[in-house]
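The sequence and the coordinates are shown first.

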Amino acid sequence: MAATPDKPAPAVSRRRTGRHRGEGQWAVGHMTPLNANEQAKRDDDGLNVRTRIETIYAKRGFDSIDGADLRGRMRWWGLYTQRKPGIDGGKTAILEPEELDDEYFMLRVRIDGGRLTTHQLRVIGEISTEFARGTADITDRQNVQYHWIRIEDMPEIWRRLEAVGLSTTEACGDTPRVILGSPVAGIAEDEIIDGTPAIDEIYRRIVGNKDFSNLPRKFKSAISGSPLLDVAHEINDIAFVGVEHPELGPGFDVWVGGGLSTNPKIGVRLGTWVSLDDVPDVYEGVISIFRDFGYRRLRTRARLKFLVADWGAEKFRQVLEDDYLQRKLADGPAPERPVQEWRDHVGVHRQRDGRFYIGFAPRVGRVDGTTLSKIAELAADHGSDRLRTTAEQKMIVLDVAEDQVESLVAGLEALDLRVNPSPFRRGTMACTGIEFCKLAIVETKARGASLIDELERRLPDFDQPITININGCPNACARIQVADIGLKGQLVLDDEGNQVEGFQVHLGGALGLDPGFGRKVRGLKVTSAELPDYVERVVRRFQEQREEGERFAT
Ligand code: SF4
């Protein structure tokens with residue numbers, strides 16, 4: 001079943017649509033676009049912009065780009081205009097979008113499942129050096145992001161990426177975004193089930209398919225069969241989490257409707273057990289429900305989490321089974337409690353084939369083209385052809401023979417990529433922030449990096465898991481609500497009453513089997529300059545008052 005403006009009103013019972021008849025849901029006949037975003041998507045599918053980029057914009061330059069393409073459809077191919085340098089955070093909400101637009105782009109390369117070969121990583125590094133002024137960030141969705149991209153270079157960048165099996169297709173926009181996958185899928189000794197075949201089949205079936213390229217908003221997904229719950233499944237629109245069913249064996253527990261930003265929600269379990277083979281069908285059913293029943297009137301209510309909150313898990317499952325799958329799913333168990341708190345796979349670990357994987361930590365996901373090329377060389381020189389990115393802004397080299405481990409660790413450490421990082425380097429993430437993001441109010445990446453260095457100097461003996469997530473605005477790209485210490489960028493007043501960059505503090509958020517959002521500490525705002533002092537105080541207090549086994553969120 002496929003609802004599109006040309007094929008309205010899918011064969012779903014009208015009685016199931018609930019009270020939100022006026023939310024712009026296609027399935028109840030709201031086929032007329034109710035806002036400018038919906039109109040732009042109706043006017044032309046975002047995927048079609050690729051041809052215009054290659055045949056017109058790349059040849060004629062930035063000024064030739066149509067406005068609706070520039071600030072809308074480009075995203076379907078992973079491109080956002082970046083922030084013009086030198087505009088301070090106080091102007092973010094005041095200026096018109098075109099005043100914030102630089103003529104350069106951020107480009108996101110999707111890395112489904114976080115899987116890379118050394119050859120692919122080498123190409124990513126070369127593109128960074130040649131076309132992106134050396135920039136390359138590892139994101140908390142396992143992607144790589146470049147900056148300073150010129151539209152003229154896009155045909156050549158796509159040629160190089162696609163020649164090695166990488167893509168930017170639907171890396172942004174109201175689309176099925178990158179599918180997160182366990183970074184140790186297929187190799188970990190403790191794996192319940194390897195979700196990789198399902199990631200590949202979903203990519204083949206859904207990504208770039210025009211039946212799913214006009215969603216109400218973005219659709220985030222995650223699949224992991226690791227008992228460490230290593231893909232932040234609780235905050236995705238759909239997530240498949242490995243479980244062992246007492247009769248049916250290994251399979252997946254299904255979660256829907258998670259998401260952060262404003263109105264954050266932890267996903268809900270549908271209570272089903274899904275086999276590996278059935279994962280793509282269930283994914284397709286859920287994304288179809290989102291397309292057909294998702295709320296399109298207001299973008300602030302357009303994520304799947306609002307529909308799930310209104311319907312509840314029981315009704316959602318019923319619609320999925322009756323109207324989209326035409327069969328019942330088996331009931332299934334919830335995931336077990338993870339045995340460790342770090343979910344990033346940093347350090348040296350034995351694979352089930354006897355070789356080793358080595359996870360390492362840059363600072364807040366920031367690397368560069370030269371470093372990525374060196375990582376690829378190092379891995380290849382030590383007999384590895386495979387790497388992974390993680391949902392914690394980290395990376396992993398796979399398939400390292402025992403006698404190569406020590407030398408590879410030394411090589412990574414020499415590049416300042418820590419295999420045994422401090423808890424602060426390991427647990428701190430930062431979003432893009434004001435350096436490049438048009439929505440940002442404050443600087444984040446450099447702030448995060450210097451915070452790590454400062455905390456390492458001040459608290460050298462601290463050895464507990466801790467997460468410090470830094471956002472440049474009220475959005476949640478770095479997951480502030482689920483961090484031990486979440487820092488939301490905003491302008492604050494310093495002691496002299498001047499408006500300066502700072503953060504609203506959220507404390508005690510967590511993922512895992514007891515997920516919850518950090519409490520906004522009433523009135524607690526710190527200036528960027530005060531940040532190291534503040535975090536040091538919080539960590540010292542936690543250290544002094546902590547009871548055995550207690551973690552930050554409790
Ligand atoms: Fe930009 Fe805000 Fe997202 Fe940071 S959290 S990348 S500032 S939109």
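Helices (H or I, at least four residues) and strands (E, at least two) are DSSP runs numbered from the N terminus. Contact between two residues requires C-beta atoms, placed from the backbone, within 7 Å. Axes are lines fitted to C-alpha atoms, for helices over the stretch in contact, and angles between N-to-C directions run from 0 to 180 degrees.

The model is predicted: local features need pLDDT of at least 70, side-chain atom pairs count only at pLDDT 80 or more, and totals for chains, interfaces and linings use all residues. Residues are numbered from 1 along each chain as its sequence is written.

Two strands count as paired if DSSP finds at least two bridges between them.

Within this sheet, strand 13 (residues 356-360) and strand 16 (residues 395-400) run antiparallel and are joined by four bridges. Glycine 359 stands opposite isoleucine 396 in strand 16.

## Helix 5

Helix 5 (residues 118-131) has 14 residues and reaches 20 Å from its first C-alpha to its last, close to the 20 Å expected at 1.5 Å a residue. The expected span is 1.5 Å times one less than the number of residues. Just after helix 5, arginine 133 takes a positive phi of about 50°.

Which residues of helix 5 are buried? They are Gln120, Leu121, Arg122, Val123, Ile124, Gly125, Ile127, Ser128 and Phe131. A residue is buried if 20 or more other C-beta atoms, placed from the backbone, lie within 10 Å of its own, exposed if 12 or fewer, and partly exposed in between.

Another open sheet has six strands in the order 6-7-8-9-10-11, and its pairing is mixed. Strand 6 (176-181) and strand 11 (330-331) are the edge strands, each pairing on one side only. Strand 9 and strand 10 run antiparallel, with four bridges between them. Valine 256 has valine 268 as its bridge partner in strand 10.

Helix 8 lies across strand 6, strand 7, strand 8, strand 9 and strand 10, running at about 160° to strand 7.

## Helix 9, a bent helix

Helix 9 (residues 304-325) has 22 residues, but its end C-alpha atoms are only 19 Å apart, short of the 32 Å that a straight helix would reach at 1.5 Å a residue. At glycine 312, helix 9 bends by about 100°; a bend is the angle between axes fitted to the seven residues ending at a residue and the seven starting there. Helix 9 lies across strand 7, strand 9 and strand 10, at about 50° to strand 10.

The buried residues of helix 9 include Phe306, Trp311, Phe316 and Tyr324. Their cover includes strand 7 (219-224), strand 9 (249-256), strand 10 (268-274) and helix 8 (279-293). Glutamine 326, which follows helix 9, has a positive phi near 55°.

## Two loop residues with positive phi

Leucine 229 has a positive phi of about 50° although it is not a glycine. Its place is the loop between strand 7 and strand 8 (238-245). Is leucine 229 buried or exposed? Leucine 229 counts as buried because it has 23 C-beta neighbours inside 10 Å.

Asparagine 263 also is not a glycine, and has a positive phi of about 55°. Asparagine 263 lies in the loop between strand 9 and strand 10. With 12 other C-beta atoms within 10 Å, asparagine 263 is exposed.

## Strands 17, 18 and 19

Strand 17 (residues 428-430) and strand 18 run parallel and are joined by three bridges. The bridge partner of threonine 428 in strand 18 is isoleucine 468. Strand 18 and strand 19 (residues 485-493) also pair in the parallel sense, over four bridges. In strand 19, glycine 486 is the bridge partner of asparagine 469.

Ile468 and Ile470 point one way from strand 18 (residues 468-471), Asn469 and Asn471 point the other way, and all are buried.
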